[in-house]
Amino acid sequence: MLRTVSPDDAWRLQSAFSVIDVSDLLEKVKVPTLVLHARDDNVAPVESGRTMAAGIPGAHFIELESQNHILLEGEPAFEEFIDHVRAFIAETAGR
């Protein structure tokens, strides 16, 4: 996070996100959905991503090998992320 947000803004984001719960809305998502999550994410546990994907009908879940919550260009998981997003878009275009 040090590369992407100031400490004050990081605190504000975490404070806001900690009270948001959309889990009761997940089943209402009706569009193709791809959930990608870093296995060793230092901000949100990978189980959060799995739970989110499980709550969305037909969602695809991809676990990436990284500790970063926001993937950094140059790390192997970044290229994997891009490849999965491109494949998902190609697969779901026009649905």
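Trainee: Is L25 buried, partly exposed or exposed?

Mentor: The classes come first: buried means under 20% relative accessible area, exposed means over 50%, and partly exposed lies in between, with a 1.4 Å probe and protein chains only. L25 has a relative accessible area of 43%, so L25 is partly exposed. L25 is placed in the loop between α1 and β1. Please note that this is a predicted model, in which local features need pLDDT of at least 70, side-chain atom pairs count only at pLDDT 80 or more, and totals for chains, interfaces and linings use all residues. Residues are numbered from 1 along each chain as its sequence is written, and side-chain values use heavy atoms, with hydrogens and water left out.

Trainee: Which elements make up the secondary structure, and in what order do the elements run?

Mentor: Helices (H or I, at least four residues) and strands (E, at least two) are DSSP runs, numbered from the N terminus. The protein has 3 helices and 2 strands, and from the N terminus on the order is α-β-α-β-α. The C-alpha trace spans about 40 × 35 × 20 Å along its principal axes.

Trainee: How are burial and contacts summarised for the whole chain?

Mentor: Of the 95 residues in the protein, 23% are buried. A contact means heavy atoms within 4.5 Å. Among contacts with a separation of 6 or more, 62% join residues 24 or more positions apart.

Trainee: What does the exposed surface consist of, and which residues form a nonpolar patch there?

Mentor: Accessible areas come from the Shrake-Rupley method with a 1.4 Å probe; for residues, only the protein chains shown count as cover. The protein exposes about 6900 Å², and carbon and sulfur atoms supply 57% of this area. Patches are made of residues with over 30% relative accessible area and no salt bridge; like charges are joined within 9 Å, and nonpolar side chains (Val, Leu, Ile, Met, Phe, Trp, Tyr) within 5 Å. Here L13, F17, V19, I20, V22 and L25 form a nonpolar patch, with about 570 Å² of accessible area together. V19 is found in the loop between α1 and β1 and is exposed, because its relative accessible area is 68%. The C-alpha atoms of V19 and F78 are 29 Å apart in space, the two residues being 59 apart in sequence.

Trainee: How many charged side chains are there, and which residues form a negative patch?

Mentor: Lys and Arg count as positive and Asp and Glu as negative, while His and the chain ends are not counted. The place of a charge is taken as NZ of Lys, CZ of Arg, CG of Asp or CD of Glu. The protein has 8 positive and 16 negative side chains, and the centres of the two sets lie 5 Å apart. E73, E79, E80 and D83 form a negative surface patch. E80 lies in helix α3 (residues 76-92) and is partly exposed, at 30% relative accessible area.

Trainee: How many salt bridges does the structure hold, and why might such pairs form?

Mentor: Side chains of opposite charge can pair when their charged atoms come close. A salt bridge is a side-chain nitrogen of Lys or Arg within 4 Å of a carboxyl oxygen of Asp or Glu. The structure holds 5 salt bridges. In one of them, R12 pairs with D9, with the closest N and O atoms 2.6 Å apart. R12 and D9 are 3 residues apart in helix α1 (residues 7-17), so about one helical turn separates them.

Trainee: Which parts of the chain do E65 and R39 link?

Mentor: E65 forms a salt bridge with R39, the closest N and O atoms being 1.8 Å apart. This pair links distant parts of the chain: E65 is in the loop between β2 (60-64) and α3, and R39, 26 residues away, is in the loop between β1 (34-38) and α2 (46-55).

Trainee: Which residue pairs with R50, and which residues are linked in a network of salt bridges?

Mentor: R50 forms a salt bridge with E63, at 2.5 Å between the closest N and O atoms. R50 in helix α2 and E63 in strand β2 are 13 residues apart, and the pair links distant parts of the chain. The network of salt bridges links R39, E47, R50, E63 and E65. Beyond its neighbours within four places in sequence, E63 is in contact with H37, R39, V46, R50 and E80. E63 is partly exposed, at 22% relative accessibility.
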